[in-house]
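Subject: A structure for you to look at

Hello,

Here is the structure I promised to pass on. Please open it alongside this message, and take your time with it.

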Amino acid sequence: MRAAVIVFPGSNCDRDLAVAFEQAGFSVDMVWHKDATLPEGIDIVGVPGGFSYGDYLRCGAIAAQSPICKALAAHTERGGYAVGICNGFQVLTETGILPGALLRNAGLKYICKTIGLKVETSDSAFTEGYNAGDVIDIPIAHHDGNYFADDETLAELKDQDRVAFTYAENPNGSRDDIAGILSHNRRVLGMMPHPERAADSGHGGTDGTALFRALAGVLAPA
Amino acid sequence: MKARVHVMLKNGVLDPQGEAVRHALGAMGFDQVEGVRQGKVIDLELADGATEADVTKMCEKLLANTVIERFEIELL
């Protein structure tokens, strides 16, 4: 099983994400944003957290135009798996791979703390290690995590069971408490909370481990 | 040729920064302020021959996120 983790100038969770993949059994290639292709045989692409391009213009906006994001879009169009965490989620919405947008937190403050995250569906390669309704402890660390989508998009996300996670207590003003969503084919996950920061006993919590283990289980060669 | 692009959050999208500015103005005694929306102004210096249609494409592809923002183009 092979994962690629994209590195943008300003990414700062790229190594954490790589370690979480490795601990679940993946071999990991770090991929530079200027690369126009992903390595051959990649099973999943991770788009890490951080402040790509200094959050200039809008969070994720410049990263979304980088050469590697064209390759990422082609990978997801072919049905490839991808996960975007925090700034990675912002990049996935800016590329149009996932719907909606992430606005400035309603309280205007950068929030860095562990929150209760409710698993809304176990029907995905990312969430099948949890039960729907589970509340897990996962850190958030963002200034622009306020999920917005229009009424029609929200209805579609709910009808298709594509809301992966909601906040037990909404910290940032996200519509309908949304913390993470899935693509149409359920193979792309974007989420603001950081499961890779709750994937080792040294982190103070390991509730994120099940996400990476579940992925490893789905993507393991038969 | 120059173009000035105004990017504003769409109506109905919460603007917490604008709200904070409104609160601050109210606290300073400017009771006449009933609402504030904050946006961006982007000035482009363009080569001869560039058209408003080109700038529209730039706005749609990068300068604005049309999920949450609307834009207006002013040719200067």
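A word on conventions: residues are numbered from 1 along each chain as its sequence is written, and chains are lettered from A and ligands numbered from 1 in the order in which they are written. This is a predicted model, in which local features need pLDDT of at least 70 and side-chain atom pairs count only at pLDDT 80 or more, while totals for chains, interfaces and linings use all residues.

**Chain A as a whole**

Chain A holds 5 helices and 11 strands; helices (H or I, at least four residues) and strands (E, at least two) are DSSP runs, numbered from the N terminus. The C-alpha trace of chain A spans about 40 × 35 × 35 Å along its principal axes. Its radius of gyration is 16 Å, which agrees with the value near 17 Å that a compact globule of 222 residues would have. That radius is taken over C-alpha atoms, and the globule rule is 2.2 Å times the number of residues to the power 0.38.

Of the 222 residues in chain A, 54% are buried. Here a residue is buried if 20 or more other C-beta atoms lie within 10 Å of its own, exposed if 12 or fewer, and partly exposed in between, with C-beta atoms placed from the backbone. Among contacts in chain A between residues at least 6 apart in sequence, 74% join residues at least 24 apart. A contact means that the C-beta atoms of two residues, placed from the backbone, lie within 7 Å.

**The sheet of chain A**

An open sheet of 9 strands runs in the order β2-β1-β3-β4-β11-β10-β9-β6-β7 (chain A), with mixed pairing. At its edges stand β2 (27–32) and β7 (135–142) of chain A, each with a single partner strand, so one side of each is left without a neighbour in the sheet. Two strands pair if DSSP finds at least two bridges between them. Neighbouring strands of this sheet are turned by 20° against each other on average, direction ignored. For that angle, axes are lines fitted to C-alpha atoms, for helices over the stretch in contact, and angles run from 0 to 180 degrees between N-to-C directions.

For an antiparallel example, look at β6 (residues 111–119) and β9 (residues 163–167) of chain A, joined by 3 bridges; L117(A) has Y167(A) in β9(A) as its bridge partner. For a parallel one, β3(A) and β4(A) pair over 4 bridges, with G46(A) opposite V83(A) in β4(A).

How many of the 5 residues of β4(A) are buried? The count is 5 of the 5, so β4(A) is largely enclosed by the rest of the structure. Y81(A), V83(A) and I85(A) cover one side, and A82(A) and G84(A) the other.

**A helix and a core**

Helix α3 (residues 87–95) of chain A has 9 of its 9 residues buried, so the helix is largely enclosed too. Those residues pack against β3 (44–47), α2 (67–77), β4 (81–85), β5 (101–103) and β11 (188–191) of chain A. After α3(A) comes G96(A), whose phi is positive, near 85°.

The largest nonpolar core has 75 residues, and V5(A), I6(A) and F21(A) touch the most other members. Such a core is a set of buried Ala, Val, Leu, Ile, Met, Phe, Trp, Tyr and Cys residues joined through C-beta atoms within 7 Å. Leaving aside neighbours within four places in sequence, F21(A) is in contact with A3(A), F26(A), V28(A), G46(A) and F212(A).

**A loop residue**

D134(A) sits in the loop between β6 and β7 of chain A. With 15 C-beta neighbours inside 10 Å, D134(A) counts as partly exposed. D134(A) and K118(A) are 16 residues apart in sequence and 5.7 Å apart in space, C-alpha to C-alpha.

**Chain B and the contact**

Chain B has an open sheet of 3 strands, ordered β2-β1-β3, with antiparallel pairing. Its edge strands are β2 (39–45) and β3 (69–75) of chain B. Between β1 (residues 2–9) of chain B and β3(B) there are 7 bridges, and L9(B) has E69(B) as its bridge partner. Helix α2 (residues 52–63) of chain B packs on this sheet, touching β1, β2 and β3 of chain B.

Finally, the contact between the chains takes 12 residues from chain A and 9 residues from chain B.

Enjoy exploring!
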